[in-house]
Structure formats: structure tokens, C-alpha cells
Amino acid sequence: VYTHPDGRAERVRKVSPMQTRRGAGQYERQVRQTLQDGTYGREEEEPSPRFAEFVESFLEYAGTKNKPSEIESKKGIIEKHLLPAFGRKRLDKIGTKEIDAYKAEKLRANLSKKSINNHLAVLHKALAVAESWGVIAEVPSFEWMKVGVPEVDFLTFDEASRLLGRARPEDRTMILVALK
């Protein structure tokens, strides 16, 4: 029976993992020490894996959900951009501050905002999978890069006529359908 500093008494009954008298005595001393330290009943939390370790299982998961070209695209983004930036960090230590620093670094490297958003989409998905698997408590929030609406340049009627006029006969139908 252990009496806590606040006065309440608690009966502690445990089975020793070692089934010898000496092992049981050693285990009892360990339990008594944890009671005195105030750490009894608290399990040590396992540190979350590093991003580089988690990425392997994430890519296996992505292989079940994405087409091969998408998997290759994610692998390229992870290997070339995300692993150098986040590979050594533990998943629970990747936060808004680290993501903002990554965005600033990629802007200094003259990457387009759309490319940076593509990288962030892969990172966000990996962290969301980690959250759904119980590896991290929550996905950090961050702001996406603001990307302007891409300008689309349509052919004029004159340009379309010239294109059709110079097209090979076997390509003419396909071009005509695309123009319509």
C-alpha cells in the first residue's frame, strides 16, 4: 500500500516479469521508485519517427491509392525537395514555423509558387496519413502560396484556319475536334 503525498492510499499489485525471488525483489524496488518519483502508471511515450523513416511506409500507402505516374511524381518531390528539408526532423516537430521556412527557402531558390504548393500538397498528405495512423496528434496548419489564375491563350479564327491548312490529312480530324 502506497500513501501518496496528498494523503490518499493506493494498493499496488503487480506481477513480476521475472519469476524468481531476486527478479521479483528487483521489480518491487523499481515499482516503489516510480511511485516515489510520481511517474508510476505513466508510460513513456515513444518518440515519433523521423520524416525520412516514415516516408517509406507513406509511399507504400500511396502505391495503393495512386496511379504509377502520381507515385513517381511524389517520389521525385520527396527525394529532391522534402527529404533534404525535413528528413531528419521528427514528424511531431514539423510545424507551421518549419513549413513557412521551407516556403521561404524555395522562393529564394526561384521555384514557382505552384511548384511549392505541389510540394506542400505531398507533405500535407504524408502528415495527414501519419495523423490517421496515430503517429502524430495533428497535422500542422499552414497557408498555401497564392497562385494567380493561369492565362489561357486561345487561337483566333485565322490562326485555327492556318493550323488546319498545314495539318497532315490523318491529323486534321483530331485537330478539328480539339479546336471545337
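Modeller: Helices α3 and α5 are roughly perpendicular to each other, a label for angles of 65 to 115 degrees. This is a predicted model, so local features need pLDDT of at least 70, side-chain atom pairs need 80 or more, and totals for chains, interfaces and linings use all residues. Residues are numbered from 1 along each chain, and side-chain values use heavy atoms, without hydrogens and water.

Colleague: At what angle do α3 and α5 pack, and how far apart are their axes?

Modeller: About 85 degrees, with the axes 10 Å apart. Here α3 is residues 68-86 and α5 is residues 113-132. Helices are DSSP runs of H or I, at least four residues, numbered from the N terminus. Axes are lines fitted to C-alpha atoms over the stretch in contact, and angles run from 0 to 180 degrees between N-to-C directions.

Colleague: Which residues make the contact?

Modeller: K74, I77, I78, H81, L82 and F86 of α3 meet N118, H119, V122 and L123 of α5. Contact means heavy atoms within 4.5 Å.

Colleague: And how do α2 and α3 pack?

Modeller: Their angle is about 170 degrees, and their axes are 11 Å apart. Helices α2 and α3 are therefore roughly antiparallel, the word for angles over 145 degrees.

Colleague: Who meets whom there?

Modeller: From α2, the residues include F51, V55, F58 and L59. From α3, they include I71, I78, L82 and F86.

Colleague: New topic: how many aromatic pairs are there?

Modeller: Five. Rings of Phe, Tyr and Trp (its six-membered ring) pair if their centres lie within 6.5 Å.

Colleague: How are the rings of F86 and Y102 arranged?

Modeller: Their centres are 5.3 Å apart and their planes are at 40 degrees, so the pair is tilted. Planes under 30 degrees apart count as stacked, over 60 as edge-to-face and the rest as tilted.

Colleague: Which parts does that pair tie together?

Modeller: F86 lies in α3 and Y102 in α4 (residues 96-108), so the pair ties together parts 16 residues apart in sequence.

Terms used. Helix = DSSP H or I, 4+ residues; strand = E, 2+ residues; numbered from the N terminus. Parallel < 35°, antiparallel > 145°, perpendicular 65-115°, else oblique.
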